[in-house]
Amino acid sequence: TKPGATVLDIGTGSGLISMMAARAGAESITAVEMVPELAEVARIIIADNNFSDVITVHEKRSTALVVGEELKEKADMVVSEILDAGLLGEGVIPSLRHAWSNLLKEDAVCIPKSADVYATIIQCDDAYQINNIGKIQGFDLSAFNRFKEKRSYVVNQMENIQSVNLSAPFPVLSVNFYNLPDPATP
């Protein structure tokens, strides 16, 4: 952070990254957190660490921010940790796309700069059983699978699941947060 910089922290969570920016010399930090309980705890943590004069937490999505209201001016820097195990599940691309278009100066710094996703092919005989219902105590409950989680991907702790790697890790996706992909069109 350059001394005197204005920072936008998307998905502040505990407020840690905002406080790091303040300690590095940022003049003002606008932090957003859409989960009310997290926003409240972030305010407490920020106050406990004496940064309330530099950091303002807004309980909303970053896409609801308006320059001239929550932000005095477009920000010099955006920081975000709205990344999950699959990289994109927390909406980092639409959030940053909106920030670049509406909330950031043209020459703003973006942290993180980029991200890469790698995969490996595995054999996991138990994978089908992770969220599947079959026979229990001799009763066929398979019709209950219609209520199974229908997320696009499921995060599992692989160290708890017996599997065999069938390939070396390989790149699947690379995202440059300075040059985001265009939105998908129907």
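# Close-up views of a predicted chain

Of the 186 residues of the chain, 31% count as buried, where buried means under 20% relative accessible area, exposed means over 50%, and partly exposed lies in between (1.4 Å probe, protein chains only). The model is predicted, so that local features need pLDDT of at least 70 and side-chain atom pairs count only at pLDDT 80 or more, while totals for chains, interfaces and linings use all residues. Residues are numbered from 1 along each chain as its sequence is written, and side-chain values use heavy atoms, with hydrogens and water left out.

View 1. Contact here means heavy atoms within 4.5 Å; among contacts in the chain between residues at least 6 apart in sequence, 70% join residues at least 24 apart. The chain exposes about 12,000 Å², of which carbon and sulfur atoms supply 54%, with accessible areas taken from the Shrake-Rupley method with a 1.4 Å probe, and for residues only the protein chains shown counting as cover.

**View 2. The largest nonpolar core has 21 residues.** A nonpolar core is a set of buried Ala, Val, Leu, Ile, Met, Phe, Trp, Tyr and Cys residues joined through side-chain atoms within 4.5 Å. Within this core, Leu 8, Ile 10, Val 78, Leu 96, Leu 104 and Phe 177 touch the most other members. Strand S1 (6-10), strand S4 (75-80), helix H3 (92-102) and strand S5 (104-111) each supply at least two residues, and H3 gives the most, with four residues. Not counting residues up to four places away in sequence, Leu 8 touches Thr 30, Leu 65, Ala 75, Met 77, Val 78, Val 79, Ala 99, Leu 103 and Leu 104. A second, separate core of 16 residues includes Ile 29, Ile 46, Val 54 and Val 79. In soluble globular proteins, nonpolar side chains tend to be buried together.

**View 3. Helix H3 has buried residues that pack against S1, S4, S5 and S11.** These buried residues of H3 are Val 92, Ile 93, Ser 95, Leu 96, His 98 and Ala 99.

**View 4. A search of the whole structure finds one aromatic pair.** The rings of Trp 100 and Tyr 178 have centres 5.5 Å apart and planes at 45 degrees, so the pair is tilted. Rings of Phe, Tyr and Trp (its six-membered ring) pair if their centres lie within 6.5 Å, and planes under 30 degrees apart count as stacked, over 60 as edge-to-face and the rest as tilted. Trp 100 lies in helix H3 and Tyr 178 in the segment after strand S11 (170-176), so the pair ties together parts that are 78 residues apart in sequence. Tyr 178 is partly exposed, with a relative accessible area of 38%.

**View 5. Ala 42 is found in helix H2 (residues 36-48).** At 0% relative accessibility, Ala 42 counts as buried. Leaving aside its neighbours within four places in sequence, Ala 42 is in contact with Thr 12, Gly 13, Ser 14, Gly 15 and Val 57. The C-alpha atoms of Ala 42 and Gly 13 are separated by 6.4 Å, although these residues are 29 residues apart along the chain.

**View 6. A search of the whole structure finds three salt bridges.** A salt bridge is a side-chain nitrogen of Lys or Arg within 4 Å of a carboxyl oxygen of Asp or Glu. Arg 43 forms a salt bridge with Glu 40, the closest N and O atoms being 3.5 Å apart, and both residues lie in helix H2, three residues apart, about one turn of the helix. Arg 43 is partly exposed at 30% relative accessible area, and Glu 40 is partly exposed at 40%. The side chains of Glu 70 and Lys 60 meet in a salt bridge with an N to O distance of 2.5 Å; Glu 70 counts as buried at 16% relative accessibility, whereas Lys 60 counts as partly exposed at 27%. Asp 76 forms a salt bridge with Lys 105, with the closest N and O atoms 2.8 Å apart, and this pair links distant parts of the chain, from strand S4 to strand S5, 29 residues apart. Asp 76 is buried, with a relative accessible area of 19%, whereas Lys 105 counts as partly exposed at 27%.
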